[in-house]
Amino acid sequence: MDNASLFQCLLRFGDNTLVLGHRISEWCGKAPALEEDIALANTALDLIGQTQMWLGYAAEVEGADRSADDLAMLRDVWDFRNILMVERPNIDFGHTIMRQFLFDAYHHAQLTALSRSSDPRIAEIAAKSVKEATYHLDRSAETVIALGDGTDVSHAKMQNALDLLWPYAGEMFESDDVDAQMAASGIAPDPATLRDAWDLRVRDTLSLATLNIPEDNFAHKGGRTGARHTEHLGHMLTQMQWLQRAYPGAVW
Amino acid sequence: MYAQMIQSTGKGVKSLDEMDPTERAFQERIDAGGKIEPKDWMPAGYRKNLIRQIGQHAHSEIIGQLPEGNWITRAPTLERKAILLAKVQDEAGHGLYLYCAAETLGITRDEMFEALNEGRMKYSSIFNYPTLTWADMGAVGWLVDGAAIMNQVPLQRTSYGPYARAMVRICKEESFHQRQGFDIMMKMCAGSEAQKRMAQDALNRFWYPSLMMFGPSDAESVHSAQSMAWKIKMNTNDELRQKFVDQTVPQAEYLGLTVPDETIKWNDEKGGYDFAEPDWTEFYDVLAGNGPCNHDRLETRKQAWDDGAWVREGMLAHAAKKRTAKVAAE
C-alpha cells in the first residue's frame, strides 16, 4: 500500500461528503416544510463536518503542505473523486431525498465496515460518522416510503426520481487498483462487498414505498476515478470556490 | 427581536378600576410578575396582539434564513460553511419554537404561512436588504443579531409563558451567533485591503437598517403603552436603540471601522452616544413592500411553499393510510 493510493481513497470519502453536503445546503430556507429545512441543514452540516475529517487526513497523508480547505477550494473538476450521483442537481425534493436515500444506504454500510479499518484514524472517523449516517438513513428511508406510498402525484414523482438516479447507483460498487490495495491491507472494504447489504436495505424500503426498481442495471461511471465527471460539478465549483479563487491567500 | 410596529388595541390602557373583575385579576397577575399560560383567560386584544408579535418574529426567523443562505454555497472555508449552516439551522429551529408558541393562542402554522405569503403578516424590515459580500455574513451576525438580542433578552421575562420560554432558548443561541458574526468581522478587518473594504462597506450598508429594526420612536404610541402594560413589550424602541448604539460604537472602533454617522458623539450627561436617526421614509417604504429585496424574499418563500405542496400532501396521505391500517388491525 502506498501513500498515493491512501490519498486517493480518502479523497473519495471526503469528496462524496463535500459535494453532497454542498448540494443539500442549496436547499436552505426553501424546503417543503420547516422540519425538512432543519433536517436538510442538519444533514448538510454532518456531511461538511465529515469532509473536514476526511480531507484533513487526506492532506496529512499527501504531505504536500495542503490543508483540507485547499483540497476543497483549490482543486479543479478532474481532481475530484466523488461518485457522479452526488453531483447531480437537486431538481426537486423528490430527487433530493431519493439521491440521499440511495447514498445513505451505501454510506451506512461503508462506514460500518470502515469503523473496523486497520488504519486507526479511519476507524475513528468512521465510528463517529456512522452514528450520523444511521440517522440520515432512517430519515431518508422514512421519507422515501411516505412519498412513494403517499398520493398518486408523490408516487409518480418518486418513481421518476428513482428511474433517473438508478443508473448512478452502480458506480458506488465499482472497484479498481486503489480499492484492491485498500482491501488487501484491511484499510477499506472492496466496494463490491457492500452491495448485498445495500441491495437488501434498498429493496426493502422501495417495496414499502410501492416503487418499482428499474430492471436495467446500466451504471454511469467516471466520478470516483476522476475520468469523466458530469457537467454539473464544474458549476458547483464556480460557486463553492469563488472567494478563495478571487482573493488568493486571504484568511477568512 | 424582529417585531416592528405591532398594533395593539389602539384604545389606550385601561386603569384597574375600569376593568371587570376577570380582567382586573388578569392584569394584577401580570403586574405581580406572574405568567399567563395558554388555558388561562386572557383579553381578546392580548391574544391578538401576541399572535401578531410572535408570528412576525417567527416569520422573521424563516425569511432570515434567505440572506444567509445566499452565502452558504459560497462560504470561503469548510469551517465557515459549517458555522453558517449551523446558524441557519438554529434560525429554522427558532421559527419552529415560535410558531409552536403562537399555536397555543389558537392559530395554526399553516394559517400563519398563508398570511405571510399573502402579505397579511409581516417580517422584520432588515431581511429586505441584500447580502452582497462575505463581510455581510459578519455584519448580519454582529449588527442584526446584536440588535435582535437587545429586545429578546428582556422578553425572556414577558408575561406569556410559552413566549418567554421560547425566548430563553433563542437568546442562548443568538448571543453565540453574534459572537460568530463579530469573529468574521475581526478576520476581515485584520485581513487584506480588499477584506477591510468589504467590512467597511458592510457596516455602511447595515448600520441604519439595523437601527430601524427597533422601529420608530414609540414614546407616544398607544399601541406600545398597551403592550408594555401587558408586558408583551418590555422597553421603548428608543431605549433599546440607545443601548444598541452604546454597545456597538466601541466595537466598531475596536475593529478599526467607521460608523457611517458623522454626528456620532459621546454625551457625558446622558451617559450614551448622540447619533443620527435613520431615514424613516426609507423604513416605511420597506414596510410597504419597496425594500431592495421584498419582492424576491416573498417570491422565494411562495415558490418554496407551492413547490412543496405535493410533498406535504404525500406525507399526510401516507400518515392517514397508516392510521387506517392501524385501526383495521385493532
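Asp183(B) is partly exposed in the predicted model, with a relative accessible area of 28%. Because Arg80(B) belongs to helix H4 of chain B and Asp183(B) to helix H7 of chain B, the pair ties together parts that are 103 residues apart in sequence. Arg80(B), at 8% relative accessibility, falls below the 20% limit and therefore counts as buried.

A second salt bridge within chain B joins the side chains of Asp145(B) and Lys87(B), with an N to O distance of 2.7 Å. Asp145(B) lies in helix H6 (residues 135-155) and Lys87(B) in helix H4 of chain B, so this pair ties together parts that are 58 residues apart in sequence. Both Asp145(B) and Lys87(B) are buried.

In chain A, a salt bridge connects the side chains of Arg23(A) and Glu26(A) at 2.8 Å, N to O. Arg23(A) is buried, with a relative accessible area of 6%, whereas Glu26(A) is partly exposed at 26%. A network of salt bridges links Arg12(A), Asp176(A), Asp179(A) and Arg224(A). Over all chains, the whole structure contains 31 salt bridges.

Between chain B and chain A, the count is 2 salt bridges. Asp149(A) forms a salt bridge with Lys321(B), the closest N and O atoms being separated by 3.6 Å. On the side of chain B that touches chain A, at least two residues each are supplied by helices H3 (65-72), H4 (78-103), H7 (161-189), H8 (193-212), H12 (294-307) and H13 (309-329) of chain B. H4(B) provides the largest share, 14 residues. By residue class, this side of chain B divides into 24 nonpolar, 12 polar and 10 charged residues.

The contact comprises 46 residues from chain B and 48 residues from chain A. About 4,000 Å² is buried between the chains, and carbon and sulfur atoms give 71% of this area.

Elsewhere in chain A, Lys128(A) is found in helix H6 (residues 120-149) and is partly exposed, with a relative accessible area of 45%. The C-alpha atoms of Lys128(A) and Ser115(A), 13 residues apart along the chain, are separated by 8.6 Å.

Regarding confidence, the predictor assigns the complex an ipTM of 0.97 and a pTM of 0.95. Chain B has an average pLDDT of 95, with 100% of the residues scoring at least 70.

How values were computed: Residues numbered from 1 in each chain as written. Chains lettered and ligands numbered in written order. Predicted model: local features only at pLDDT ≥ 70, side-chain atom pairs only at ≥ 80, totals over all residues. Heavy atoms only, no water. Contact = heavy atoms within 4.5 Å. Buried area = accessible area lost by both parts, 1.4 Å probe. Salt bridge = Lys/Arg side-chain N within 4 Å of Asp/Glu carboxyl O. Helix = DSSP H or I, 4+ residues; strand = E, 2+ residues; numbered from the N terminus. Nonpolar A, V, L, I, M, F, W, Y, C, P; charged D, E, K, R; others polar. Buried < 20%, exposed > 50% of the residue type's maximum accessible area, 1.4 Å probe, protein only. pLDDT = per-residue confidence, 0-100.
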